[in-house]
Amino acid sequence: MDENSSARLKRRLLGIVHRIGLFLAMLTICLPGLWIVLSSLRPTVEIMAKPPVWIPQEISFDAYVSMFSGIGKGGIPVIEYFRNSLIISVTSTIIAVAIGMAGGYAFARYRFRGKSSVFLGLMLTRTVPGIALSLPLFFLYVRLGIIDTHFGLILAYVALNVPFTIWLIDGFFRQVPKDLAEAAQIDGCTRWQAFWQVEFPLAGPGIASAAIFAFLTCWNEFALASQLTRSVSAKTLPVGLLDYTAEFTIDWRGMCALAVVMIIPALTLTYIVQKHLVGGLTSGAVKG
Amino acid sequence: MKGFKPSAPFLLLLPAFIVLAAVVVVPLLLSLYSSFTPFRLTKPETFFVFVGLRNYLSILANTDFWWAFGRTVLLLTIALNLEMLLGLGLAMLVEKATRGQRILRTLMMFPMMFSPILVGFQFKFMFNDNIGLVNNALQSLGITQDAIPWLIEGHLAFIAISIAEIWSSTAIFAILILAGLLAMPKEPIEAARVDGCTPWQTFRYVTWPFVMPFAYIAMTIRSLDVARAYDIVKIMTDGGPAGRTELLWTLVARTAYSDGRMGMANAMAYFSILLSIAFTVYFFNKLAAARTQIGAEW
């Protein structure tokens, strides 16, 4: 009896430690973001106050209003930046995932000569730092006349995303046992049907997670975008963020507001897709 | 059946090859060529002057370059190791949680949604010596009276940058390791427990070998993308104070776009490319080894 109760006590203590650890970790993760949201709603005087004002005295949406009220009123063309970001990210994600699915399937299901080297070669194209790649691309895009266009950035982002989309999707196809597709083929499916009706649904969550990664990479990319775009017609949100910094001053409040505008779509998208993300990975159907 | 019939994997990989050749390989050949010229943006005719290895030789003799190189390697070593450990810890904490796992997972991915440039701004704001959250908190709690010059003193700036970097990238490790933990069959763990393994032994010999490939996938994805530290540093300190946080990438950008010395910048860029390749090849080999260890087909 005594042993039982001490074991119970130990378990309860461990549970409490676990909760505290979890709370601290989540606090560290969330605090910077929450601080940005809070700062975007406070007047600049309060942000600059010394000694600091911890509890907001007044909440206002002025930063958002002035942000959307156009150039010259302390605003920047957020709507245009937002549109550019959305068009570029969505288009390049779709293309990259399509190419990645074909490539990932090739690596997961076929044997061919030099497989590892080809795979490594693909990855190595991704290792090229954005800033290093921007030097020749800048030069080429100026010559081809596609600098400062949606097309130019989409092209660059597809190339940026293809290698690790292939990487991830390959890994997820690998987790789907070959036997399932073979069984479907024995039951009369063509290889094409077996792919779409058996392997694709099972690898679906992995493909979704690859799409999230690709989308976030495009949505957040700065090194290439800052050199390959110049005007409102193609600048994306990360580049637009720089509009808030003058030579020596930074409009913290406006910047925080734009940061919130940038994060909301990413947050929404991730939340929608992430329920598919892990569910299919826990291989319930696959084991049977 | 006549003529050349390409194999299925070749056809499946062809779109990827075409895009990568057009956007990465060909431009890089161009930049390799221009690294042997004294090319300046302001003088287009210099593109056709060939100077051999002169750019490379002057880089090798440049102490600023070597400092930036060493600092970059140091930052990567510190950041990648801590991110791996913290990501593993975070994934295990979330995996153990019995309630609200979905919301925890979403929160866990939170930093990943932040653009590196946003992370830079955010931490620049928080580490601001005058109005930043960190100093305000330290002063309000009475830990220190002075404003700590986080981004103004060289070593502190390096620490601040590392913190920003780690905050932003731990999520990638956590989410992939968590995916590994969740995909893991429960039977081996139960068997180990029945056989009398301690929790540490269960972790070390059952869980870890299974999760390791996932951790190395995360590691490799990170090593593919190490240069995103450029965005963070660019915003937080822009290489300052007095070049104390200058990384390879900020140096390349400065040489290329501020000084307009494209030839020299391309030569430097090749060093940064080689560095990234070294990191990736290293982790790729680790991944292959980890996969063979758990008997996965490679």
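## Helix naming

Helices here are DSSP runs of H or I with at least four residues, numbered from the N terminus. The model described below is predicted.

## Helix α10 of chain B

Helix α10 of chain B covers residues 229-236. Is this helix enclosed or open? Of its 8 residues, 8 are buried, so α10(B) is largely enclosed by the rest of the structure. A residue is taken as buried if 20 or more other C-beta atoms lie within 10 Å of its own. The buried set consists of Ala229(B), Tyr230(B), Asp231(B), Ile232(B), Val233(B), Lys234(B), Ile235(B) and Met236(B).

After α10(B) comes Asp238(B), which has a positive phi, near 50 degrees.

## The largest nonpolar core

The largest nonpolar core holds 168 residues, and Ile177(B) and Val252(B) have the most contacts inside it. Its top contributor is helix α7 of chain A (residues 150-175), which gives 16 residues. Domain 1 (2-60) and domain 2 (70-287) of chain A each supply at least three residues to this core.

What does Ile177(B) touch, leaving aside neighbours within four places in sequence? Its contacts are Gly87(B), Leu88(B) and Ala91(B), together with Val211(B), Phe214(B), Ala215(B) and Ala218(B).

## Domains of chain A

The domain assignment divides chain A into domain 1 (2-60) and domain 2 (70-287). Their C-alpha centres lie 32 Å apart. Each domain puts 6 residues into the contact.

On the side of domain 1 of chain A that touches domain 2 of chain A, the elements giving two or more residues are α1 (2-41) and α2 (44-48) of chain A. The most come from α1(A), with 4 residues. By class, this side of domain 1 of chain A has 3 nonpolar and 3 polar residues, and no charged residues.

## Annotated transmembrane regions

For chain A, an unreviewed UniProt entry places the feature "transmembrane region" at residues 20-38, 86-107, 119-142, 154-173, 194-216 and 252-273. How much helix do two of these spans hold in the model? Residues 119-142 of chain A are 92% helix and 0% strand, with end C-alpha atoms 32 Å apart. Residues 194-216 of chain A are 100% helix and 0% strand, and the end C-alpha atoms of that span lie 31 Å apart.

Notes:
Residues numbered from 1 in each chain as written. Chains lettered and ligands numbered in written order. Predicted model: local features only at pLDDT ≥ 70, side-chain atom pairs only at ≥ 80, totals over all residues. UniProt positions renumbered as here; feature names shortened; annotations may be inferred. Core = buried A, V, L, I, M, F, W, Y, C linked by C-beta atoms within 7 Å. Buried ≥ 20, exposed ≤ 12 C-beta atoms within 10 Å, placed from the backbone. Domains from an automatic or database assignment. Contact = placed C-beta atoms within 7 Å. Nonpolar A, V, L, I, M, F, W, Y, C, P; charged D, E, K, R; others polar.
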